[in-house]
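These are my notebook entries on a structure that I looked up piece by piece. I record each item in the order in which I examined it.

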Amino acid sequence: MNKFFAAALVAAATAACIGGAQAQTGTLAQVKNRGILHCGSGTGLAGFGIPDAQGNWTGLDVDLCRAVAAAIFNDPLKVKFIPLSAKDRFTSLQSGEVDLLSRTTTWTLSRDTALGLNFAGVNYYDGQGFLVRKKLGIDSALKLAGGSICTQQGTTTELNLADYFRSNKMKYEVVAFASNTETVKAYEAGRCDAFTTDASGLYAERLNLTTPADHIVLPEIISKEPLGPVVRHGDDNWLDIVKWTHNAMLNAEELGITQANVDEMLKSDNPEIKRFIGTEGKFGEPMGLTNDWAYRIIKHVGNYGEVFEKNVGQGSLLKIARGQNALWTKGGLQYAPPIR
Amino acid sequence: MSTIPTETVQPGKASLLYDPKIRGYVYQLALLAVVGFLLYSAASNAITNLRAQKIASGFGFWHNAAGFDVNQKLIPFSASGSTYGEAFYVGLLNTLLVASIGIVLSTFLGFFVGVARLSSNWVLSKLAMIYVEVIRNLPLLLQLFFWYNAVLKPLPNPRQSIELPAGALLNNRGLYLPDPQLGPGGSLIVWTFLIGIVASIIFRIWARKQQEATGKQYPVGWIALGLIVVLPFFVYLVTGRPISFVYPEIAGFNLRGGIQIFPEFVALLLGLTTYTAGFIAEVVRAGILAVSKGQTEAANALGLRAGPTLKLVVIPQAMRVIIPPLTSNYLNLTKNSSLAVAIGYPDLVQVFTGTVLNQTGQAVEVVAITMAVYLTISLVTSFFMNIYNKRMALVER
């Protein structure tokens with residue numbers, strides 16, 4: 001028993017050594033040396049992170065990684081996407097296998113503290129919902145009492161589900177699967193009455209069902225799910241880079257800088273835009289980047305609004321409204337500190 | 001004369017450095033020191049790095065509230081009030097449940113197929129061969145997916161449950177059996193039943209000794225049947241039928257009442273049993289073939305029929321060959337049960353290294369505990385199988 005415990009420690013120590021080494025020399029230096037960014041992504045969720053037949057990844061979370069790569073390398077393709085299941089994602093980030101985790105991960109206190117992670121912002125405000133068959137004939141999650149619910153293990157979803165049924169004094173049966181694919185398959189096979197995950201995920205997965213029209217998303221949103229990119233503790237510079245990449249995309253939308261007009265903006269006299277583009281001031285250097293870092297992001301990836309519409313909004317199959325994810329100037333929650 | 005011993009001692013003292021025994025010890029000590037240092041530095045390095053990254057460590061999480069639910073649980077567990085430690089026991093018991101039932105079933109199926117493959121009946125032996133070849137050569141994970149879908153897909157939803165005899169219901173949420181409730185005096189029946197089993201075993205041992213001593217045979221089977229079945233039934237009637245059943249009934253989306261056997265459990269059990277039975281069949285076949293043909297011929301010459309020949313002459317000798325590889329198949333079955341993760345059966349790996357690891361983030365501790373558990377289960381299984389092996393081994397005189 002002791003031998004095995006020790007063996008486990010050796011394995012962990014090796015992993016911890018790698019993580020520690022990276023923290024010492026800096027993740028940015030590691031990424032630059034390697035020449036490619038390692039981004040932890042999901043195992044395939046339409047609109048957020050999914051590879052197509054040619055292996056090209058697209059999605060809202062994927063574009064955040066591309067934006068970080070654009071800021072560092074001036075090339076959004078220098079990203080290697082590593083698909084991680086919900087239960088493996090944090091171990092993978094802690095051990096240094098990925099530099100950045102961008103896969104619909106909910107920001108919670110325990111993850112931010114005890115798991116040794118830092119959240120760099122919120123790139124999608126979400127909430128948990130339920131998908132059910134139309135023929136069940138129910139219009140509210142409160143009528144799910146006694147039902148079987150399929151969910152993915154190792155998620156906040158699993159915990160919220162328990163909270164919701166407990167606080168409403170309803171009985172239920174949970175069937176938890178390791179991967180999202182298995183969860184949806186079991187729901188479709190009739191193992192469960194409802195499938196629960198973040199509402200955005202429900203809309204995305206509904207499209208993959210044999211007949212999407214037979215299923216509806218119930219109106220209740222039972223939790224707050226602020227989803228965002230995650231990095232390890234212990235490298236503040238790297239946290240800044242990821243945080244400000246997201247902020248730059250929001251600021252660009254607010255300033256009206258788009259992928260199409262960003263080159264014209266180089267001639268702008270607006271001081272805010274000049275600071276953003278990098279023609280005035282030195283805002284990239286303190287992060288270890290070039291001063292045109294934000295220009296690169298918008299040039300290669302686009303601003304937040306563009307990325308949103310392309311992946312999950314009107315330009316996509318999901319057709320999710322901006323809602324809470326609109327800019328603060330338009331009644332939403334997305335708000336970025338200024339670049340100055 | 002006194003100089004001779006000193007002369008013989010001196011070369012020994014001089015060659016202390018070259019003494020192979022001493023050198024052996026030194027090398028072994030050096031190796032131990034190196035291994036010890038490696039382990040120590042690895043452990044301390046891990047701890048330092050975990051602290052540096054401010055990742056929680058230690059086993060304090062054991063008593064923290066879990067906050068999630070598990071569907072199949074042998075001990076009370078709920079999101080309100082249960083701890084991660086209790087989640088561990090829920091997972092462990094589920095692993096032990098599927099492993100122990102799987103071991104029993106795969107042994108029966110494996111022996112049957114193994115013997116069938118050696119049968120002189122052409123169809124039977126070829127069928128057994130096809131079974132073994134197909135099952136052994138497909139990955140277990142694939143077979144589990146097959147069974148899960150094979151179990152789940154054809155079954156109706158709860159509202160159209162298939163009604164089985166004795167009030168049992170079958171649907172895609174599982175098999176629902178009537179739940180027996182003991183009324184006053186009901187425990188008497190259970191005790192009679194248990195005493196019946198013990199008495200049967202004692203009687204069997206006594207009967208065998210009598211047979212060895214005097215050659216007289218007793219109807220052990222009939223007496224055991226009387227003790228285990230008829231007697232408790234008699235008590236049941238005398239005490240006024242104190243056992244009642246709670247029958248499953250449709251309530252809302254699901255069924256209420258009764259004992260629920262989950263489809264994930266059935267699928268995993270089917271997968272593990274059929275898969276391991278394929279290997280056990282080959283072990284059994286090898287064991288039987290290892291018994292020289294002369295033994296069978298001698299038994300035939302004495303006038304024994306095929307059944308008793310197999311039971312009394314061949315199998316007891318074959319067991320000596322069968323037990324060691326059988327043990328390793330049992331261990332494999334137990335370890336393979338961790339593939340339950342793929343089909344949503346809440347075993348130790350799914351509950352503990354899945355949900356608990358993820359919610360606490362303490363990979364080192366959780367994985368170490370899980371490894372220790374599997375190691376313990378395996379060692380205990382081996383220990384008992386070794387005792388059994390010693391008993392069956394050829395007694396050399």
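This is a predicted model: local features need pLDDT of at least 70, side-chain atom pairs count only at pLDDT 80 or more; totals for chains, interfaces and linings use all residues.

From α3(B) they are B:A99, B:G102, B:I103 and B:S106, and from α10(B) they are B:Y330, B:L333 and B:T334. I sorted the residues of this contact by class and found four nonpolar, three polar and no charged.

Helix α8 spans residues 263–290 and helix α10 spans residues 306–336; their axes come within 8 Å and cross at roughly 155°. That angle makes α8(B) roughly antiparallel to α10(B). Here too I noted the hand: α8(B) passes α10(B) in a right-handed crossing. On the α8(B) side, the residues that make the contact include B:L272, B:F279, B:V283 and B:A290. On the α10(B) side, B:V314, B:M319, B:P325 and B:L333 are among them.

**Domains**

I looked up the domain assignment of each chain. For chain B it gives domain 1 as 3–52 and domain 2 as 84–178 + 247–392. The C-alpha centres of these two domains of chain B are 47 Å apart.

For chain A the assignment gives domain 1 as 2–125 + 227–330 and domain 2 as 128–223. I noted 29 Å between the C-alpha centres of domain 1 and domain 2 of chain A. Where these domains touch, 16 residues of domain 1 of chain A are in contact with 15 residues of domain 2 of chain A. The domain 1 side of that contact in chain A has nine nonpolar, six polar and one charged residue.

**Between the chains**

How many residues of chain B are in contact with chain A? I found 44 residues of chain B, in contact with 46 residues of chain A. In chain B, α2 (20–52), α11 (348–360) and α12 (363–392) each supply at least two residues of the side that touches chain A. By class, that side of chain B holds 23 nonpolar, 17 polar and four charged residues.

Is helix α8 of chain A mostly covered or mostly uncovered? This helix, residues 199–208, is mostly covered, with eight of its ten residues buried. Among the buried residues of α8(A) I list A:L202, A:Y203, A:E205 and A:R206. The buried residues of α8(A) pack against β7 (124–126), β8 (128–133), α7 (180–188), β11 (194–198) and β12 (215–217) of chain A.

My last entry concerns A:P271, which is found in helix α11 (residues 271–277) of chain A. I counted 12 C-beta neighbours inside 10 Å, so A:P271 counts as exposed. A:P271 and A:R340 are 69 residues apart in sequence, while their C-alpha atoms are 9.9 Å apart in space.

Conventions: Residues are numbered from 1 along each chain as its sequence is written. Chains are lettered from A and ligands numbered from 1 in the order in which they are written. Domain bounds come from an automatic or database domain assignment. Two residues are in contact if their C-beta atoms, placed from the backbone, lie within 7 Å. Helices (H or I, at least four residues) and strands (E, at least two) are DSSP runs, numbered from the N terminus. Ala, Val, Leu, Ile, Met, Phe, Trp, Tyr, Cys and Pro count as nonpolar, Asp, Glu, Lys and Arg as charged, and the others, Gly among them, as polar. A residue is buried if 20 or more other C-beta atoms lie within 10 Å of its own, exposed if 12 or fewer, and partly exposed in between; C-beta atoms are placed from the backbone. Axes are lines fitted to C-alpha atoms, for helices over the stretch in contact, and angles run from 0 to 180 degrees between N-to-C directions. Angles under 35 degrees count as roughly parallel, over 145 as roughly antiparallel, 65 to 115 as roughly perpendicular and the rest as oblique. A crossing is left-handed if the near helix is turned anticlockwise from the far one by less than a right angle, and right-handed if clockwise.
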